[in-house]
Amino acid sequence: MDKELLAVAGGSKPADVVISNGRIVNVYTGEIYDGGVAISGQTIAAVGDVDYCVGEGTKTIDAEGAFITPGFIDGHIHPESSDLAIRPFAEAVLKHGTTSIMTDLHEVGVVSGLEGIEAVIEENQATDLNLYFVVPSHVPFSPALETSGGSFNPSIIREALKRPDAVGISECVGPYVLADLPDLLESLDDVAGMKGMTAQGHLVDMKGADLNKCAAAGISTCHEALSADEIMDRARVGVHAMLRESSAARTLAQQLECIVGKDIDTSMMSIVTDDLHCCDLNETGHLDHHLKLALSCGLPFVKAIQMVTINAARAFELTDIGALAPGKRADINIVSGDTADDFGVVSVWSRGKQIVDHGKMLVHYETAQHDPCLLNTMTLLNPITPDSFKIAAPEGATRVKATCMDTLPWIPITQPREVELACVDGYVACDVDQDVLYIAQVERYGKNGNVGKAFMGGFHMTSGAIASSVGHDNHNIIVMGTNFEDMSIAVNHLVEIGGGQCLVDGGEIVECVEYPLCGLLSDLSCEELAAKKGALNAACAERGCIISIPFMFLSFICLAALPACAITDHGFINVLTLQIEDPIKGVVE
């Protein structure tokens, strides 16, 4: 028992910090009332009338009538999608009032296994961001359809769940539950037998009997709903529904239609960011931006705050965070208003330490000395040349039918499109006029030298090639272009620099961003990286690309669990059948 905390709460000892003259947002009762918060060490000692906690040595903060809320909690986020190393990422989100995240660091695990994840978690220990580890439920994500650097099995998962920061397993794929995948069921049994552990779902398009089976298997959350109806479907069967607004899936406004103006209990719902581009993080913020969006859609202020605090904590069975109450951890925000027009994060405390004061960051984290397992992760088994990307034409053919996968412009979900393509010098040629480009994924762990090849639409690029060592959920090199020469130069350049993203046109490297950590992450600040990414994206737009964040979209095209088509190092994937298919469907002439 913390006797010092009890002494402060009981008034026999002064608090370390007292925030007064504020308006308490009570996420338990849904009330807002005048008061303050007293802090002892890392813990809240008293809430409400806390004048009695002020004494000699107490630091007093005048909230100036602003709202006092719990620190924000992101219940589902992949920090790697920001392309920031964990320390600059922590600085970026803490500035916006996010004091806790639940993450699997799955992308690092794909490249460097559990060893890599643990190295990143250790790096985060130097920050004030509270990281809860949701152990990846399977790596590789689609074992028969892709090659990864790291791997997880039930025994590795079982050991990882024993970590003190572990809160469950992540991304349990709905179709794998339906197929009774033995390894996944074994891990679900392990979770069910461990107090405080949860199973987070990846339940794309699940409904009816399929959704019921996933819930019966112990899946307790899902972040993959796209509509208001799907949000309600999940909440009604006891699956905590995470309303997502990510850089690649801007769905929060339509999902909120199930709540706004209706008498719906939102305790089984929270708001998450999932995958957030560093440019968005730099320009618009984090959960504070999502709160402003929710308020603009008509969500009541207290409900909105609950959906980024107490609701998220309860989804992970965490009782020490998410609320302003005695005995809870002192993660606290002062925010300026309760409408979309005047809402903003003013000041932030994490574990009783002030991080932000009137918008100014009070902390800075030095660049980490990285564990070797995070570095030098790019190895090609075979040389990559322009010929590496050619799809052979049927003998004697001059024109063929082929499948081109098109990305939707607002979310990287693909749809097949039948096209006719010319054959040139024994290979099938792309057709910029039809918006049909070459796309390929190159295995980069030195394991098999695979190069999967297909055709891509939806980007509308008219020249050059783009390549990235960020490719969910295997992080092999994904490359798309109008010609084989630029594609080859782009891939080889990324290998040479240890990973990153680049645009090549006419044989010249136009723009490039380096990611030396796992080929995924940069030690640059959010502001510095956003500037580089902005220049890279702008150069793509100059070449006709209509996707504002082409590299984030490109990274999802190799996700074999996202419908309807994908490209991995194994080849062109029909996600609906989980089969590798030939993109060439027949001879026209």
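**Reading the two faces**

Reply: Exposed means over 50% relative accessible area, buried under 20%, and partly exposed in between (1.4 Å probe, protein chains only). Helices (H or I, at least four residues) and strands (E, at least two) are DSSP runs, numbered from the N terminus. This is a predicted model, where local features need pLDDT of at least 70 and side-chain atom pairs count only at pLDDT 80 or more, while totals for chains, interfaces and linings use all residues. Residues are numbered from 1 along each chain as its sequence is written, and side-chain values use heavy atoms, leaving out hydrogens and water.

Me: Which residues of α6 are buried?

Reply: In α6 (residues 182-192) they are Leu 184, Ser 187, Leu 188, Asp 190 and Val 191. Seen down the axis of α6, they fall within an arc of 155°, so they line one face of the helix. That arc is taken from the directions from the helix axis to the C-beta atoms. Their cover includes α4 (154-160), β9 (166-173) and α5 (174-178), with contact meaning heavy atoms within 4.5 Å.

Me: And how do I read a strand?

Reply: In a regular strand the side chains alternate between the two faces of the sheet. In β14 (residues 332-335), Ile 332 and Ile 334 on one side and Asn 333 and Val 335 on the other are all buried.

Me: Which strands pair with β14?

Reply: Strand β5 (residues 67-70) does, antiparallel over 4 bridges, and Thr 69 has Asn 333 as its bridge partner. Strand β15 (residues 345-350) also pairs with β14 in the antiparallel sense over 4 bridges, with Ser 347 opposite Ile 334. Pairing requires at least two DSSP bridges between the strands.
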